[in-house]
Amino acid sequence: MPVLTEDDIRELASFKGEEAPVTSCYLDVDGRRKIRRQDYEHELDTLLRQARSWEDSSPSIGEDLRRIHEYVHRGVDRSRVRGLAIFSSSAHDFWRVFELPVPVRSQIVVNHTPYVRQLEVLVDEYERFGVLLADKQRARMLVFDMGELVESDELFEALPRHDDDGGEWSRDHLQSHVAEHAHAHLRHAAEVAFKVFQEHGFEHLVIAAPDEIAGELERDLHPYLQERVVARLHVPITASLDEIRDAALEVEAEVERRREAENVARLREAVGARNRGVAGLADTLQALVERRVDTLLVSHGFQAPGWRCPSCDFVGVKGRTCPVCEAEMRQVDDVVEEAVEEALTQSCTVEICHGNADLDVLGRIGALLRY
Ligand SMILES: [Zn+2]
C-alpha cells in the first residue's frame, strides 16, 4: 500500500468540522536536521503554544493539542519517518496520522476543515515508480514510494557453459546459443517487472540497462509497462540503492516539472483563446463554485485571504454575504487552501506547480475547465 494516496487526501478534504474546528499539525522530524529527539519535541511545543490562543474558542481544540502532544512525545520511529501530518477534531472523534518518509514544513493550523495542502504537494510530487536494471545475466526490479524502497526483486541467470561440450559445437552455434540465452533472460526480466507491477503497482518505470540491450528489454515489456517508461538511466546494475534512488528521483522531478509545464502551456492557450480556461484567483474560484474545473493549477506557496460560505461551500475573494445563498460567510486566511480542498472534494485534478513563471504571470492560480 502506498504511504499516502490521493484518496486519503480527498477523504480528509471532504471532512467538515460542524461542531468544532480541526487542528492540523505538520511536524518535521527529519533525523538529518533534527538530530536529537528533543529537537523536534521542542519544535512541536512551540507550535502547540501558538495554537493555545485558539483554545478559548472551543474546548475541542485543547483536547486536540493534548492528544497531538501525547502522540509525538510517545516517540517516532525515525529510521523510516521524516515527517508527521496529524489531523484532529476531538469533538467529532476525528483523528488521522500520516507518518511520511519525506520531511514536511512544521506548521499548525486550526480551521473548519483539515489543512491538506502540504500533503497534496507531496502526492503530486512523488509518484510511486519502478526501476528495472538489467545486464545480460542479471536483473533487479525495485519499487520506490516517496523515495522509499518498498519492493526489491532480483534475477540471476548463468550464461550457458561450453567447456563440457567436447568442442563439438561450432563457434557460430555457440554464439547463437549464448544470444538465445540473452534474449530469454531479457524476457524473464520483463516478466519479473510485470509481476512486481501487478503486486505493487507504480505510475512510472525507469529503465537502467546498457544501450545494446535496453531497446530489446523495452520491447519485451508488457504494454502496461511500456506506456509507463519515462526515462533510461545510465546506472550500473551493481549500483547502490542510494545511487539508484537519487538518479531515479531526479528523473521523477524532471517528469513532474515537464507535466506542470505542459499543463500551464495548455492553460495559457485556453485562457488566450477564451476557451475552457480561467486564470487569476477570482475567476478560478468562480469556476470552482460552478463546478466546471477539470484541473486546478496552483503555484507552490501561493496564499491569499478570502471567504467561504459555511452553508453552501461558496468560495470567493469578497465577503461577507454569500452571493449564492445569502448566508454570512466565514473569513479565511488562505482561500487558496479552500480552493484546493474544494477541487479535491469535486474530484478535480490538482497540480501544484514549482517555479513556473508562466503560471505566476497568469496570477499564480488557474484552471482548465470541463466546459
Ligand atoms: Zn452560501
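Select strand 12 (residues 306-308) together with strand 13: they run antiparallel and are joined by two bridges. To see one pairing in this predicted model, pick Trp307, whose bridge partner in strand 13 is Gly316.

The three strands form an open sheet in the order 13-12-14, and the pairing is antiparallel. Which strands are at the edges? They are strand 13 (315-316) and strand 14 (330-332), each of which pairs on one side only.

Strands of a sheet can pair in either a parallel or an antiparallel way, through backbone hydrogen bonds. For a parallel case, select strand 11 (residues 293-299) and strand 15, which pair over five bridges. Thr295 has Thr349 of strand 15 as its bridge partner.

Next, move to the helices. Select helix 2 (residues 37-55) and helix 3 (residues 59-73), which pack with their axes 10 Å apart at an angle of about 175°. Because angles over 145 degrees count as roughly antiparallel, helix 2 is roughly antiparallel to helix 3.

Show the side chains where these helices meet. Helix 2 contributes Glu41, Leu44, Leu48, Ala51, Trp54 and Glu55. From helix 3 come Ile61, Gly62, Leu65, Ile68, His69, Val72 and His73. Colour them by class, and the contact shows eight nonpolar, three polar and two charged residues.

Definitions and conventions
Residues are numbered from 1 along each chain as its sequence is written. This is a predicted model: local features need pLDDT of at least 70, side-chain atom pairs count only at pLDDT 80 or more; totals for chains, interfaces and linings use all residues. Axes are lines fitted to C-alpha atoms, for helices over the stretch in contact, and angles run from 0 to 180 degrees between N-to-C directions. Helices (H or I, at least four residues) and strands (E, at least two) are DSSP runs, numbered from the N terminus. Angles under 35 degrees count as roughly parallel, over 145 as roughly antiparallel, 65 to 115 as roughly perpendicular and the rest as oblique. Two residues are in contact if their C-beta atoms, placed from the backbone, lie within 7 Å. Ala, Val, Leu, Ile, Met, Phe, Trp, Tyr, Cys and Pro count as nonpolar, Asp, Glu, Lys and Arg as charged, and the others, Gly among them, as polar. Two strands pair if DSSP finds at least two bridges between them.
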